[in-house]
Amino acid sequence: MISKILIVDPLTLLGRELLRCLEASPDLGFEIEYRHTSPDDELQIAELAAAPALVAPLEADEALAGVDVVVVASDAETDRTARLERMLAAHPEVAVVDVGRLQSLRELTSPDAGLDPAGGSDRRVRVAHPALAAAALVARALEVLDPVRIIVAAVDPVSGAGRDAIETLAHQAARRLQGGTPDHLLDGHVRAFSQISVDPDALAEEAAVILPGLPSTVTLTLGGCFHGHLAHLALELADPVDDFELRDLLEDRPDLVLVESPLKLDDVVDRDQVLLSLPQLSADRRVVAFTAMVDGLRVGGAVTAVAILRSMM
């Protein structure tokens, strides 16, 4: 039973979305406290859960007193996130839900799609990458067709790196439009009007956990869009499939929405479902391909985190 949760960094993009989702789930009924990991030692002032609140900096182990679950919504590594890692390592009895996907918590938490959380026993979980959350939902919808492998080509927006990254992207775009060279980079890259293929090893390791028993090949590209996660999915099936059977299986899932062209990233904002392009079949009708788009602040973000919290109760 959860009586108290601690939300770390509720003022990030993911943190604010999480608060909105919790406010829309009054049945959860637990006490919520807040801390921030900014280098700034001052109290942060914000409207949280429709009421003014002060967010104190994370300082010492006392912040975990009486806390059952820590939800981490941080989007940047600081000295305080390193302190948080040490605190959590010293308190294994405290459950952790990592929404912000901090690199420093990679060894502490394990990936979890949060799609069927009641089936798991791990109380220290990382919310799945939005592209993998989408892939898991599609694979589950088509599991009666015996998929034998899946390809996931993920394209990440800048918002995945936090609010400051969005401002940096706007600066880069303005500089490039003026014919200049941006002097502010995002992890060493100019992402405005660009696509950057990066090492997918960490995402591939996560896919092996999110998609157990389904061999996967994963690529990861950093895109120049402000928001919306994109994934190109291809599933190979054991046997040929009929168009009507395929669409019936997909349309039967409330978390998947088939969309006639054009499918736009703007359409996924504030949606809890995965939006899919109409399925395309290979000539032998054994390979089906989609484009999937999600609001990564919700699917593979706050909505998934709330589902995990609910399961922990």
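Which residue forms a salt bridge with arginine 253? The legends below begin with that pair.

**View 1. Arginine 253 and its partner.** Aspartate 255 is the salt-bridge partner of arginine 253, with 3.2 Å between the closest N and O atoms. A salt bridge here is a side-chain nitrogen of Lys or Arg within 4 Å of a carboxyl oxygen of Asp or Glu. Arginine 253 is partly exposed at 21% relative accessibility, and aspartate 255 is partly exposed with a relative accessible area of 21%. (Buried means under 20% relative accessible area, exposed over 50%, and partly exposed in between, with a 1.4 Å probe and protein chains only.) This is a predicted model, in which local features need pLDDT of at least 70 and side-chain atom pairs count only at pLDDT 80 or more, while totals for chains, interfaces and linings use all residues. Residues are numbered from 1 along each chain as its sequence is written, and side-chain values use heavy atoms, leaving out hydrogens and water.

**View 2. Arginine 80 and aspartate 41.** Their side chains form a salt bridge of 2.5 Å, N to O. Arginine 80 belongs to helix H2 (residues 79–90), and aspartate 41 to the loop between strand S2 (31–36) and strand S3 (44–48), 39 residues apart. Helices (H or I, at least four residues) and strands (E, at least two) are DSSP runs, numbered from the N terminus. Arginine 80 is buried at 7% relative accessibility, whereas aspartate 41 is exposed at 54%.

**View 3. Arginine 126 and aspartate 98.** In this salt bridge the closest N and O atoms are 3.4 Å apart. Arginine 126 lies in strand S8 (residues 124–127) and aspartate 98 in strand S6 (residues 95–98), so the bridge ties together parts 28 residues apart in sequence.
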